[in-house]
Amino acid sequence: MKKHKIFSLVAMTGLSFYLVVGAATPAYAMHIGEGFLPVQWAVFWWILALPFFLLGLRSLIRITQQYPELKLLLALCGAFTFVLSALKIPSVTGSCSHPTGTGLGAILFGPSVMTVLGGLVLLFQALLLAHGGLTTLGANLFSMAIVGPFVAYGIYHLMLSTGNQKLAIFLASALENLLTYVTTSFQLALAFPAASGGVGGAFLKFAGIFAITQIPLAISEGLLTVLVWNWLQTYNREDLIKLKLIRN
């Protein structure tokens, strides 16, 4: 059983690598691109994101020391986020939308851990795929790896009161996706207020650009996360029990 579990995880990681290589085509990235934000806003988001990242490092170290056998599951969460957020889908405006994939890890390990994993994903995408950027890494980190995971964690535990865990997972993943892009729209609106309507007008413009593609993507991500959860329940049940997410 353990060998089969390891084989399945390796197979999923290999599939993730294949999808990244095969799907990473040149496009305008939904992550805020290198040099796009004015310097003061780039610095602002870096300063705001760094404390969350440092707290996440503490959480990650604590979990790996307490449960060293969960490192493979942590790697799977990172690969899941990397693959989904690298699948860039053109929108009608010439920009791109994509899933985020941070909901699964936030549910499994908590939002602080996903701040670190999401930050590493964003760093590798900026360096290897020209998806996002280093100067805008703080802004992208805040939207996708801070707001998204914390929303997912909160929605999941709020919806658990209904007694339907699968519904809680679906809504957590779908809403963290949407709130990530609401945050990105707000970041862009602050940096580039509209001549008529100011920040509010610019926010409506940016949010409207992404809404057409992002809403179906959020629904799809929620469904996919539930499917992965079902897979984990079947082949990785012991780890979910250790994390107190299901009963023995």
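Modeller: One term to begin with: a polar contact is a pair of N or O atoms within 3.5 Å; within protein, one has to be able to donate a hydrogen and the other to accept it, and residues adjacent in sequence count only if both atoms are side-chain atoms. Also, this is a predicted model, so local features need pLDDT of at least 70 and side-chain atom pairs count only at pLDDT 80 or more, while totals for chains, interfaces and linings use all residues. Residues are numbered from 1 along each chain as its sequence is written, and side-chain values use heavy atoms, leaving out hydrogens and water.

Biologist: Okay, which residue's side chain does Thr100 meet in a polar contact?

Modeller: That's Glu176: the two side chains are joined by a polar contact of 2.8 Å.

Biologist: And where does Thr100 lie?

Modeller: Thr100 is in the loop between strand S2 (96-97) and helix H4 (102-109). Helices (H or I, at least four residues) and strands (E, at least two) are DSSP runs, numbered from the N terminus.

Biologist: Is Thr100 buried or exposed?

Modeller: Buried, because its relative accessibility is 0%. Buried means under 20% relative accessible area, exposed means over 50%, and partly exposed is in between, using a 1.4 Å probe and protein chains only.

Biologist: What does Thr100 touch?

Modeller: Leaving out residues up to four places away in sequence, Thr100 touches Thr81, Leu84, Ser85, Met144, Glu176, Asn177, Thr180, Tyr181 and Glu221. Contact here is heavy atoms within 4.5 Å.

Biologist: Let's zoom out. How many helices and strands does the chain have?

Modeller: Nine helices and two strands. Along the sequence they follow the pattern α-α-α-β-β-α-α-α-α-α-α.

Biologist: How much of the chain counts as buried?

Modeller: 48% of its 248 residues. And if you take contacts between residues at least 6 apart in sequence, 76% of them join residues at least 24 apart.

Biologist: Back to H4. At what angle does H4 pack against H7?

Modeller: About 130°, with the axes 8 Å apart. That makes H4 oblique to H7. Axes are lines fitted to C-alpha atoms, for helices over the stretch in contact, and angles run from 0 to 180 degrees between N-to-C directions. Under 35 degrees is roughly parallel, over 145 roughly antiparallel, 65 to 115 roughly perpendicular, and the rest oblique.

Biologist: Which residues of H4 and H7 meet?

Modeller: On H4 they are Thr102, Gly103 and Ile107, and on H7 they are Ile169, Ala172, Ser173 and Glu176. Glu176 is also the polar partner of Thr100.

Biologist: How do H4 and H5 cross?

Modeller: The axes of H4 and helix H5 (residues 111-128) come within 7 Å and cross at roughly 140°. So H4 is oblique to H5. Thr102, Gly105, Ala106 and Phe109 of H4 make the contact with Pro111, Val113 and Met114 of H5.

Biologist: What about H7 and H8?

Modeller: Helix H7 (residues 165-191) packs against helix H8 (residues 198-235) at about 155°, axes 7 Å apart. That angle makes H7 roughly antiparallel to H8.

Biologist: New topic: how many salt bridges turn up in the whole structure?

Modeller: One. The term means a side-chain nitrogen of Lys or Arg within 4 Å of a carboxyl oxygen of Asp or Glu. Here the side chains of Glu69 and Lys242 meet, N to O, at 3.0 Å. The pair links distant parts of the chain, 173 residues apart: Glu69 is in the loop between helix H2 (39-66) and helix H3 (71-86), and Lys242 is in helix H9 (residues 237-242).

Biologist: Which residue's backbone oxygen does the side chain of Arg237 reach?

Modeller: That of Arg247, at 3.3 Å. Arg237 lies in helix H9 and is partly exposed, with a relative accessible area of 36%. Arg237 and Arg247 are ten residues apart in sequence and 9.4 Å apart in space, C-alpha to C-alpha. Setting aside residues up to four places away in sequence, Arg237 touches Leu232, Ile246 and Arg247.
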